[in-house]
Amino acid sequence: MESLMRPIRGPVLLSVLGTWLQALATTALLLLVGTAIGQIHRGGAPETAVIAGLFAAAAARALLAAAVPAITVRAGGRLEVGLRDRIYRHLLRLGAPLRSREQTGRLVSTGTEAVELVSTYYATFLGPILASMTVPILVLVAIGVFVDPWTALILAIVVPAIPLTVGVFQRGFAKVSDGYRDTANHLAARFLDALQGLSTLKLFNQGTAHGRALARSSEELRRAIMRLLAGNQVILFVVDTVFSLGMITTATVLAMVRMREGAIDAGEAVALVLLTTQLVEPLDKVGQFFYVGMGGAAAAKEIRAQLAEKPAVADTETQAPERAGSDVSFEGVSFAYLPDTPVLREVGFTIAPGEKVALVGPSGSGKTTVAALLQRNLDPGGGVIRVGGHDITSVPAAWVREQISVVAQSTYLFTGTLRDNLLVAAPDADDERLWDALRTANLDEFVRGLPDGLDTPTGERGLMLSGGQAQRTAIARAVLKDSPILVLDEPTSNVDLESEAAILAALDRLTVGRTVLMIAHRLSTVRDADRIVVLEDGLVTEQGSHDELMTGGGHYARAVRRTEVETR
Ligand SMILES: Nc1ncnc2c1ncn2[C@@H]1O[C@H](COP(=O)(O)OP(=O)(O)OP(=O)(O)O)[C@@H](O)[C@H]1O
């Protein structure tokens, strides 16, 4: 898989280079401080060249210290935007029909928080950490060449312990940070669940109980963060006491010993101690930002897992057919969501161009699955589905979806205006076309009555359309999309009788001249279909016109008679 960091590899390498140069400038600065002190100690004044060098090194260091974060923060922002886009595009490929609410909550958390963590990690942590782990080599060389080779050699024995310690700590805390991401995702999922089910919870007076469960999840997250921070504190302690203090004490003792031996002068001794602070800097960084690193590594794992998820349908790279009819056929189609639990078994039926076929059957018999297969949200386990004569697995999924409009049980309205929500179906449509579509959908009068008309806000922040109005917006979208095949997945199942009449009238206009697959619970709505296909437990058990099926005395006839008795 393409690495997550790839888009900002350039800036990260630049920041590594920047950190090296900064270390170089600091090393030069500290060496020059030593030289100046040495010259003063010998009773003279520091040479002008040394003073000039000091200023130059200090200026270079200051500039680089400002430039490196500027590079990394910008790269982090870029990576964040890019990663979100990549995840979203991947989700589009995956398709949403199989997603549970738990997964949705987790996805929100992955797409927002995890992306932020990863971006901070890669951009502002990983580069400088890599750079500063290698900086000690540079510093040791400088000590060896300019101060004292023996001291450099002794310090060199301790320095490899730095990356080793970091590695050990990272491995040790990987579980803790994975646990932290898991808990964060779980909380996000619960929160989303509580928000979406707010009215249900209130109705059953369960708001407080659910609130308590949410508080428990929140407390778990707090504990997970505390565990991560505790890890950070342990690292800080080890770094500060054992390494920093130990190294600086060792360097100070070595400096004093070598000075007494006459191997180095006072200035070199000072430089040696100062340079040792540079040696322990990477560990300081790891200590300070350990939690960023660990959180980021766990988030990267999570994002990689998300991006590795395989789509439910494998799209083809083939050319879209130039011409195709609007007939639909299912030939021996089988499907199972879970292994060994067939949902459809050798389902076969055809819909001729312009024909209206109703799919009826008890709840759970597989009707919605048939619709999902036709839209290529799922791929059949066996058999072939054809649209316009083409096996839909051998043509691009986008082409199949272009041929089909769907009016489902409920309609999603995006936050935006009514116009935006209509343009989803036909981005280039002008207002005249929009009004035409609204007229067909029986919604024009209502929209004309709104003060802002087509610019009325919709979705969460704005106008809440009634269920029936939302359904008619879906019909208007279908009119605008103008595809030859129409799937009606019980569009009137969630509305009252009056709305139903308005929707049915709109549907009558929409279905003219189109090939229609109508999924229906209510048998009253399928009477006029050209043909009725009865699905029972994943099997087609009867098909024919209403009159034919009524004479047969099968499931359909029995169900119709039962309904008639109930409504009498
Ligand atoms: N994502 C899923 N994972 C596992 N099983 C599923 C999934 N979706 C549906 N099923 C199962 O597949 C079967 C058929 O479901 P489907 O929704 O197609 O039936 P349906 O006839 O449309 O039902 P209804 O009329 O109640 O909407 C059911 O037993 C259902 O439990």
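In this predicted model, the ligand is surrounded by 13 residues, and the closest of them are Tyr-337, Ser-363, Lys-367, Thr-368 and Thr-369. Two elements each give two or more residues to this shell, namely strand 1 (328-338) and helix 10 (367-374). Helix 10 provides the largest share, with 3 residues.

Strands of a sheet pair through backbone hydrogen bonds, and the pairing can be either parallel or antiparallel. Here, 4 strands form an open sheet in the order 2-1-4-5, and their pairing is antiparallel. Strand 2 (341-351) and strand 5 (390-391) stand at the edges; each has a single partner strand, so one side of each is left without a neighbour in the sheet. Between strand 1 and strand 2, the antiparallel pairing runs over 7 bridges. To find a pair of facing residues, one can look at Val-333, which stands opposite Val-347 in strand 2.

Stepping back to the whole chain, the division is into domain 1 (6-308) and domain 2 (328-567). The C-alpha centres of these two domains lie 54 Å apart.

Helix 1 spans residues 9-41 and has 33 residues. From its first C-alpha to its last, helix 1 reaches 47 Å, close to the 48 Å expected at 1.5 Å a residue. Just after this helix comes Gly-43, which takes a positive phi of about 95 degrees.

Definitions and conventions:
Residues are numbered from 1 along each chain as its sequence is written. This is a predicted model: local features need pLDDT of at least 70, side-chain atom pairs count only at pLDDT 80 or more; totals for chains, interfaces and linings use all residues. A residue is near a molecule or strand if its C-beta atom, placed from the backbone, lies within 6 Å of it. The expected span of a helix is 1.5 Å times one less than its number of residues. Domain bounds come from an automatic or database domain assignment. Two strands pair if DSSP finds at least two bridges between them.
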